[in-house]
Amino acid sequence: MNNQAIDIKNSDVLVIGAGTAGIGAAIAAARKGLKVYLLESSNKIGGVMSSCPGMPLGAGYPCGKSIGGIFDEFVNRLYDMKPPAAEKRVCSLEEFGPEVLYDHEIAIFTLYEMLAESNVNLLLNATATDVIVEDNRVNKVVYYDRNGKHIINCKIVIDCSGDGDIASKAGVPYIKGDENGNMMGTTLTFLMINADWKKIFDENDDPYFRKYAEKGILEGRIHEDLYKLYIMKGFHKDSVYFNSVVIRDVDGTNVEDVTKATFEARKRCHQLIEFVKNEIPGFENSQAIYMGPVVGVRETRKFDGLYQITRQDIAKGEKFCDGIVACDNPIDDVFRGSNVMTHDSIGDKGLYYTIPFRTMVPESIKNLMFAGRIISADSVAFASVRGMPQCMIMGQACGIAASISIKNDQDIQSIEYDELVKELQLLGVNGIGGEEL
Ligand SMILES: Cc1cc2nc3c(=O)[nH]c(=O)nc-3n(C[C@H](O)[C@H](O)[C@H](O)COP(=O)(O)OP(=O)(O)OC[C@H]3O[C@@H](n4cnc5c(N)ncnc54)[C@H](O)[C@@H]3O)c2cc1C
């Protein structure tokens with residue numbers, strides 16, 4: 001077998017993974033004039049946003065005010081379209097703040113446009129598999145595509161892969177899941193169209209449709225884990241988004257686990273579709289579309305950063321000197337080693353905290369950061385920090401930190417937090433650097 005690299009590319013910044021964090025990171029760094037490669041192992045950008053098409057962007061408006069930055073730019077582009085391609089709505093669960101519903105295809109296309117306008121070199125179907133670490137620096141990353149092996153030389157690497165494939169290969173310590181190794185359940189989502197909103201939602205005041213769920217379970221027509229049917233209005237009139245079918249005990253870094261879970265989840269989704277069409281008034285003439293290609297993975301690795309954000313920090317509404325994004329997302333835990341789904345508020349109304357930059361910086365690798373759902377957080381804080389809007393700004397912060405590090409010829413660990421936070425404020429990020437939301 002020939003294991004020679006086909007080519008060697010040079011980059012200033014290499015971003016692994018084109019989910020919301022990776023998109024934020026790549027755009028921010030490329031707009032600073034840096035040569036950025038963005039590797040995406042699947043055939044579409046968006047990450048969880050694409051594996052769960054139509055999923056609301058939650059937590060973008062702590063205390064009703066936008067977190068700003070690239071999130072704001074993205075949603076404003078959608079709001080300003082004619083007709084608008086997104087809408088800010090009150091969430092049907094009272095613990096959550098306003099969320100953004102959107103047309104999935106237009107939203108993803110807009111993200112492609114933003115990457116292209118910023119001159120990001122995006123490579124789809126390209127999986128980062130290995131690193132070459134010299135003198136505590138990740139100098140080269142190996143990736144594979146259908147043609148074979150490639151190498152990218154990089155000054156800075158930002159791992160936004162959701163699972164931290166590259167940070168783990170670089171030797172950054174991590175844990176998987178909570179303190180006992182339990183990871184949150186995975187979910188396969190789908191959308192139903194031609195449903196009658198009026199009948200479905202006006203005549204039901206339980207956002208979980210528990211009386212129907214109970215009947216379905218009792219009669220053996222839906223799986224017993226579906227005791228809460230979390231369903232909500234989609235973006236387009238008479239479309240309904242189902243975030244209901246959870247498969248537990250799946251290790252999202254194990255392809256066999258994910259494949260098995262995806263098939264099992266599809267089975268449960270089809271049972272549920274059949275059930276709601278026959279049992280819940282308003283679904284009689286509806287059809288399911290946009291089922292995720294694969295289960296959405298909430299949680300795998302969490303890396304050791306210079307700082308670990310904790311349950312105490314979020315309960316106090318801590319505002320860190322290196323806070324880079326505001327957050328008031330509830331503690332949104334789904335079947336992590338138990339039967340419960342929690343959406344507990346972080347505290348009194350109006351409370352929010354900021355996520356420190358140090359949660360994305362390893363102790364010893366001098367040119368590596370990790371953003372999105374792999375930052376350094378304890379299990380409770382993790383359940384709050386992981387919303388897509390926050391992931392996007394975490395990425396943006398790492399992209400800016402990369403440009404500061406290159407400009408000043410500094411290790412990531414030594415950049416001045418003040419300089420980073422000020423630059424993010426200039427880019428419209430709200431509620432940081434001593435500024436209240
Ligand atoms: C079922 C479910 C429901 C959720 N509900 C909400 C909600 O309502 N609102 C909300 O805001 N958030 C919600 N979340 C949380 C949120 O979606 C995620 O935390 C967030 O999208 C994570 O973004 P990310 O960029 O860190 O990672 P991901 O979105 O996981 O993106 C990582 C990307 O990296 C790619 N990748 C992985 N490994 C490699 C590699 N080795 N090389 C190249 N590419 C690689 C992946 O293909 C993927 O595209 C939900 C999550 C799930 C799973």
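This is a predicted model: local features need pLDDT of at least 70, side-chain atom pairs count only at pLDDT 80 or more; totals for chains, interfaces and linings use all residues.
**Around the ligand**

Let's start with the ligand. It is surrounded by 38 residues, and the closest are Gly 17, Gly 19, Gly 47, Gly 162 and Gly 372. If you sort this shell by class, you find 16 nonpolar, 16 polar and six charged residues.

Several elements of secondary structure take part. At least two shell residues come from each of helix H1 (20-31), helix H2 (48-51), strand E6 (127-134) and helix H11 (388-408). H1 gives the largest share of the shell, with three residues. Both H1 and H11 will come up again below, in the helix pairs.

**Two domains**

On the scale of the whole chain, the domain assignment gives domain 1, made of 7-180 + 299-426, and domain 2, made of 186-289. Taken over C-alpha atoms, the centres of domain 1 and domain 2 are 28 Å apart. Where they touch, domain 1 contributes 14 residues and domain 2 contributes 16 residues. On the domain 1 side of this contact, eight residues are nonpolar, three are polar and three are charged.

| Helix pair | Axes come within | Crossing angle |
|---|---|---|
| H1 and H4 (residues 104-117) | 9 Å | roughly 25° |
| H3 (residues 69-79) and H11 | 7 Å | roughly 125° |

How do H1 and H4 lie relative to each other, roughly parallel or roughly antiparallel? Their axes cross at roughly 25°, and angles under 35 degrees count as roughly parallel, so H1 and H4 are roughly parallel to each other. Their crossing is left-handed. From H1, the residues Ile 23, Ala 26 and Ile 27 meet Leu 111, Met 114 and Leu 115 of H4. By class, this contact of H1 with H4 holds six nonpolar residues, with no polar and no charged ones.

The other pair involves H11, one of the helices that supply residues to the ligand shell. The axes of H3 and H11 cross at roughly 125°, which makes H3 oblique to H11. On the H3 side the contact is made by Gly 69, Ile 70 and Phe 71, while H11 brings Pro 389, Met 392, Ile 393 and Gln 396. The contact of H3 with H11 divides into five nonpolar and two polar residues, with no charged ones.

Definitions and conventions: Residues are numbered from 1 along each chain as its sequence is written. A residue is near a molecule or strand if its C-beta atom, placed from the backbone, lies within 6 Å of it. Helices (H or I, at least four residues) and strands (E, at least two) are DSSP runs, numbered from the N terminus. Ala, Val, Leu, Ile, Met, Phe, Trp, Tyr, Cys and Pro count as nonpolar, Asp, Glu, Lys and Arg as charged, and the others, Gly among them, as polar. Domain bounds come from an automatic or database domain assignment. Two residues are in contact if their C-beta atoms, placed from the backbone, lie within 7 Å. Axes are lines fitted to C-alpha atoms, for helices over the stretch in contact, and angles run from 0 to 180 degrees between N-to-C directions. Angles under 35 degrees count as roughly parallel, over 145 as roughly antiparallel, 65 to 115 as roughly perpendicular and the rest as oblique. A crossing is left-handed if the near helix is turned anticlockwise from the far one by less than a right angle, and right-handed if clockwise.
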